[in-house]
Amino acid sequence: MTHPERPHRNFYGRLKGKHLKNSQRGYLDEDLSALSPGLVDWDVNPDRTPLDLQTRFDGKPVWLEIGFGGGEHMVHQAAQNPDVGIIGCEPYINGVAMLLGKIRRAGTDGVAVYPGDVRDMFDVLPDASIDRAFLLYPDPWPKSRHHRRRFVTEEHLQPLARVLKPGATFRVATDIPDYVRQTMQEVPRHGFTWTAQGPEDWRVAWDDWISTRYEQKALREGRTPHYMTFTRDPD
């Protein structure tokens, strides 16, 4: 039996910081495997068999957070929405360790953690399986020649559209004006509609929002957050 050929995917960004605390190493060793969403990586799932999300989350709706940073938003949403399952993807292992510590302290259920590239996760998510997705303060890649590295490009938006259910919500938060521009240009091209009815719809945070450490840094440095909500168009 032949397996699909693993695509060549450039990865930009950090996978690990300079130092992990002993407690964080413990979280990774003791907690991470139990929070797996299933077989995602190519070495354990070369056939790219889709994940069984219905079994993994007991039939609950499933949300996806792309790049959860330190994990405060993901844990907040899980605590506020016990009737939902949430998958978080983050390749930066220090952020994964921070999230695991928050999960342990909060006793949060209904979460799964993938410590890797969301593109590998997209490979194994079933069509129209995700009810909501979050992209919160993604890496801005500010230099013009690096804009192709941003999430809001065809390489990421096309598979995101495939895995979201028609009518599903896609939330984007950023403090970078040029990222807003690219988001507004590219996301609607890939099967999404911006839901804003007026300026307050992107100036004011969502009712269930918790301000992350990245947002607090942006505010301290005088940058303005933008909150954009899209819905997945019907097929």
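**Exercise 1. Start with the side chains of Lys-217 and Glu-221: what do they meet in, and at what distance?**

Solution. The model you are looking at is a predicted one.

Step 1. Find the two side chains: Lys-217 and Glu-221 come together in a salt bridge, at 3.0 Å from N to O. Side chains of opposite charge can pair when their charged atoms come close.

Step 2. Check how open each partner is. Lys-217 has 38% relative accessibility, so it counts as partly exposed. Glu-221 is partly exposed too, with a relative accessible area of 43%.

Step 3. Look for further partners. Through salt bridges that share partners, Asp-175, Lys-217, Glu-221 and Arg-223 are joined into one network.

**Exercise 2. Which parts of the chain does the salt bridge between Asp-208 and Arg-171 tie together?**

Solution. Step 1. Locate the pair: the Asp-208 and Arg-171 side chains form a salt bridge of 2.8 Å, N to O.

Step 1. Compare each accessibility with the cut-off. Buried means under 20% relative accessible area. Arg-171 is at 9%, so it counts as buried. Asp-208, with 23%, is partly exposed.

**Exercise 3. Is Asp-127 buried or exposed, and which residues is it in contact with beyond its neighbours within four places in sequence?**

Solution. Step 1. Find Asp-127 in the loop between α5 and β4.

Step 1. Apply the cut-off: exposed means over 50% relative accessible area. At 55%, Asp-127 therefore counts as exposed.

Step 2. List the contacts. With neighbours within four places in sequence left aside, Asp-127 touches Arg-162 and Val-163.

Step 3. Look at the first of these names again. The side chains of Arg-162 and Asp-127 make a salt bridge of 2.4 Å, N to O. This pair links distant parts of the chain, 35 residues apart, with Arg-162 in helix α6 (residues 154–163) and Asp-127 in the loop between α5 (118–124) and β4 (130–136). Arg-162 has 31% relative accessibility and so counts as partly exposed.

Step 4. Asp-127 and His-156 are 29 residues apart in sequence, and their C-alpha atoms are 15 Å apart in space.

**Exercise 4. What do the backbone phi angles of Ala-128 and Tyr-137 look like?**

Solution. Step 1. Recall the background: most residues other than glycine have a negative phi.

Step 1. Read the angles. Ala-128 has a positive phi of about 50 degrees, although it is not a glycine. Tyr-137, not a glycine either, has a positive phi of about 50 degrees.

Step 2. Find their places. Ala-128 lies in the loop between α5 and β4, and Tyr-137 in the loop between β4 and α6.

Step 3. Set their accessibilities side by side. Ala-128 is partly exposed at 34% relative accessibility, whereas Tyr-137 is buried at 10%.

**Exercise 5. Where is Asp-31 found, and is it buried or exposed?**

Solution. Step 1. Asp-31 is part of helix α1, which covers residues 22–31.

Step 1. Its relative accessibility is 17%, so Asp-31 counts as buried.

Step 2. Leaving aside neighbours within four places in sequence, the residues in contact with Asp-31 are Gly-26, Leu-100 and Arg-104.

**Exercise 6. Now step back: how many helices and strands are in the chain?**

Solution. Step 1. Count the elements: the chain has 9 helices and 7 strands.

Step 1. Judge the overall form. The radius of gyration is 17 Å, close to the 18 Å that the globule rule gives for 235 residues, so the chain is as compact as a globular protein of that length. Its C-alpha atoms fill a box of roughly 50 × 45 × 40 Å along the principal axes.

Step 2. Of the 235 residues, 50% are buried. The accessible surface is about 11900 Å², and 50% of that belongs to carbon and sulfur atoms.

Step 3. See how the chain folds back on itself in sequence terms. Among contacts between residues at least 6 apart in sequence, 80% join residues at least 24 apart.

Step 4. Finish with charge. There are 31 positive and 33 negative side chains, with the centres of the two sets 8 Å apart. The structure holds 15 salt bridges.

Terms used. Residues numbered from 1 in each chain as written. Predicted model: local features only at pLDDT ≥ 70, side-chain atom pairs only at ≥ 80, totals over all residues. Heavy atoms only, no water. Helix = DSSP H or I, 4+ residues; strand = E, 2+ residues; numbered from the N terminus. Buried < 20%, exposed > 50% of the residue type's maximum accessible area, 1.4 Å probe, protein only. Contact = heavy atoms within 4.5 Å. Salt bridge = Lys/Arg side-chain N within 4 Å of Asp/Glu carboxyl O. Rg over C-alpha atoms; globule rule 2.2 N^0.38 Å. Areas by Shrake-Rupley, 256 points an atom, 1.4 Å probe, with all protein chains shown as cover. Lys, Arg positive; Asp, Glu negative; His and termini not counted. Charge placed at Lys NZ, Arg CZ, Asp CG, Glu CD.
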